[in-house]
There are 2 protein chains.
Amino acid sequence: MAKGAGSQRADDRGALLPKQAREIFRAGTVTHTSGYSRGYAQANLITLPQKQAFDFLLFAQRNPKPCPLLGVLEAGQVSSELLADGDIRTDIPLYRVYRGGQLESEIPDVRDIWRDDLVSFIIGCSFTFESALLDNGVPVEHIAQGKNVPMYRTTIQTNPAGVFSGPMVVSMRPIPAAQVADAVRITSRYPAVHGAPVHVGDPAAIGIEDLNHPDFGEAVDIPAGTIPVFWACGVTPQSVVMESKPEFAICHAPGHMLITDARDLQYQVP
Amino acid sequence: MAKGAGSQRADDRGALLPKQAREIFRAGTVTHTSGYSRGYAQANLITLPQKQAFDFLLFAQRNPKPCPLLGVLEAGQVSSELLADGDIRTDIPLYRVYRGGQLESEIPDVRDIWRDDLVSFIIGCSFTFESALLDNGVPVEHIAQGKNVPMYRTTIQTNPAGVFSGPMVVSMRPIPAAQVADAVRITSRYPAVHGAPVHVGDPAAIGIEDLNHPDFGEAVDIPAGTIPVFWACGVTPQSVVMESKPEFAICHAPGHMLITDARDLQYQVP
């Protein structure tokens with residue numbers, strides 16, 4: 001019963017309902033969530049005091065590609081239809097707590113430090129469109145190479161909102177030249193989860209000096225015949241928020257996502 | 001020079017750039033905007049004190065079909081890239097001013113009553129997807145019949161946010177049975193402008209007793225061989241806001257829309 005999910009086989013993880021996965025994390029298991037609850041959307045978390053909430057909501061409205069909002073828990077709310085019977089303070093495997101923009105701690109449960117004025121933003125994650133790419137036969141190199149996706153700061157500016165502004169962070173996937181059009185078409189159908197690429201080709205044109213030295217994640221080998229394709233990345237809002245040094249903030253720890261009850265396909269249009 | 005745009009021929013109106021149309025309205029012409037600046041998105045306006053702005057922005061995030069936000073002007077802002085070189089206080093042909101949820105006046109310029117704490121929400125309008133329907137050969141009956149679209153209060157509840165909650169208002173278009181699938185497919189490609197229908201067929205199932213007695217707009221004749229198709233309507237947010245009786249609010253007068261610099265096609269995915 002107390003057996004950690006870390007020891008669960010990949011097949012078992014994928015078959016768990018989101019509610020079951022959240023129960024495992026709530027009970028104390030700390031693990032990356034990659035591969036859990038196949039077909040369901042995983043999400044990023046940013047929790048901020050109400051004082052910053054309007055500016056952040058506006059930032060998301062103005063920057064839907066890097067900051068696709070799946071849901072918002074208002075001050076006083078700790079659950080929603082995205083996590084039925086859940087609790088946003090316990091159901092993510094690991095949280096990061098920030099004060100004044102500085103990382104203070106990593107803890108698996110934030111109930112002790114919770115405040116009634118906190119607003120939680122649940123933000124879409126590229127796992128959703130990567131599933132769609134794979135299902136449609138487009139290779140996703142970092143998955144094939146067993147690595148984290150490479151991410152880069154760019155010279156593309158986000159649309160400012162209130163106290164929030166700063167450069168866009170992008171993720172890069174090398175795509176075979178003949179499948180770039182497919183990759184664009186497929187990810188365009190997910191506007192609620194980063195959507196279409198923001199740039200195709202020359203990294204220098206968006207201020208990336210060396211693809212082999214990403215700012216976040218890991219470098220991937222770029223196979224011959226592929227071209228680098230760049231998507232807006234969910235690290236952008238976290239980076240933009242921290243640069244504004246909010247008095248208090250809680251985020252998920254990288255790779256330790258919220259598993260929502262929303263199916264990936266729910267975000268596909270048309 | 002002082003000649004009113006009301007006397008402009010339909011062809012001239014359609015050919016005006018959005019900036020030119022806004023200049024005409026700014027100079028004092030009061031007219032419905034139907035047919036102006038063909039190919040560009042027209043939009044609804046709701047302006048609220050900052051105190052209500054977070055709740056309204058959240059309402060829009062939770063109800064993208066009835067309340068598709070194209071842009072937000074923060075407190076102190078009167079222009080944006082949606083109305084380049086424009087002024088939200090003068091560039092709409094006619095405004096409605098509300099106090100405590102009650103209509104106080106209809107005026108063509110709101111500079112005298114403007115306040116620095118006002119936040120303006122620019123909301124998509126069904127004109128955008130109606131153009132797409134017509135361009136794709138799907139008839140739009142109320143246009144063919146020279147009427148305003150019929151709109152109905154329903155028993156479908158919106159997702160509440162803060163002080164805002166209430167029933168969804170829908171618009172109805174009778175669609176030939178063989179083209180219902182086309183109408184769904186085409187409007188699905190415009191998630192930023194009401195998107196796919198919320199209901200097809202039986203009006204009673206969503207609380208509409210008689211299609212011949214709409215709550216807003218005008219009844220249309222329903223031709224044989226068509227089926228009523230219902231889309232979320234931009235009247236919803238206005239209705240929901242007024243029910244909360246905000247101390248102060250400004251909206252566009254019905255049919256007197258903001259003509260934006262955004263092209264209709266800009267909102268099409270993928």
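**Helix, sheet and interface**

Guide: Start with α6(A), which lies across β7, β8 and β9 of chain A and runs at about 15° to β9(A). Keep in mind that this is a predicted model.

Visitor: OK. What is the strand order in that open sheet of chain A?

Guide: The order is β6-β7-β9-β8, four strands in chain A. Their pairing is antiparallel.

Visitor: Which strands stand at the edges?

Guide: β6 (151-157) and β8 (199-200) of chain A do. Each has a single partner strand, so one side of each is left without a neighbour in the sheet.

Visitor: And β7 with β9 in chain A, how many bridges?

Guide: Seven, in the antiparallel sense. β7 of chain A covers residues 167-176, and β9 of chain A covers residues 226-232.

Visitor: Which residue is the bridge partner of P174(A)?

Guide: P228(A), in β9(A).

Visitor: Switching topic. How many residues are in contact between chain A and chain B?

Guide: On chain A, 21 residues; on chain B, 22. The two chains bury about 1600 Å² between them. Carbon and sulfur atoms account for 67% of that.

Visitor: Which three residues supply more of chain A's buried area than any other three?

Guide: F54(A), Q61(A) and E74(A). Together they supply 35% of the area that chain A buries against chain B.

Visitor: How many salt bridges cross the interface of chain A and chain B?

Guide: The rule finds two. In one, E74(B) pairs with R62(A), with the closest N and O atoms 2.7 Å apart. There is also a salt bridge between the side chains of E74(A) and R62(B), at 2.7 Å, N to O.

Visitor: Why does the pair of E74(A) and R62(B) join two chains?

Guide: Because E74(A) lies in the loop between β2 and β3 (95-99) of chain A, while R62(B) is in helix α3 (residues 50-62) of chain B.

Visitor: Last one. How many salt bridges does the structure hold over all chains?

Guide: The total is 28.

Conventions. Residues are numbered from 1 along each chain as its sequence is written. Chains are lettered from A and ligands numbered from 1 in the order in which they are written. This is a predicted model: local features need pLDDT of at least 70, side-chain atom pairs count only at pLDDT 80 or more; totals for chains, interfaces and linings use all residues. Side-chain values use heavy atoms; hydrogens and water are left out. Contact means heavy atoms within 4.5 Å. Buried area is the accessible area (1.4 Å probe) that two parts lose on being put together, summed over both. A salt bridge is a side-chain nitrogen of Lys or Arg within 4 Å of a carboxyl oxygen of Asp or Glu. Two strands pair if DSSP finds at least two bridges between them. Axes are lines fitted to C-alpha atoms, for helices over the stretch in contact, and angles run from 0 to 180 degrees between N-to-C directions.
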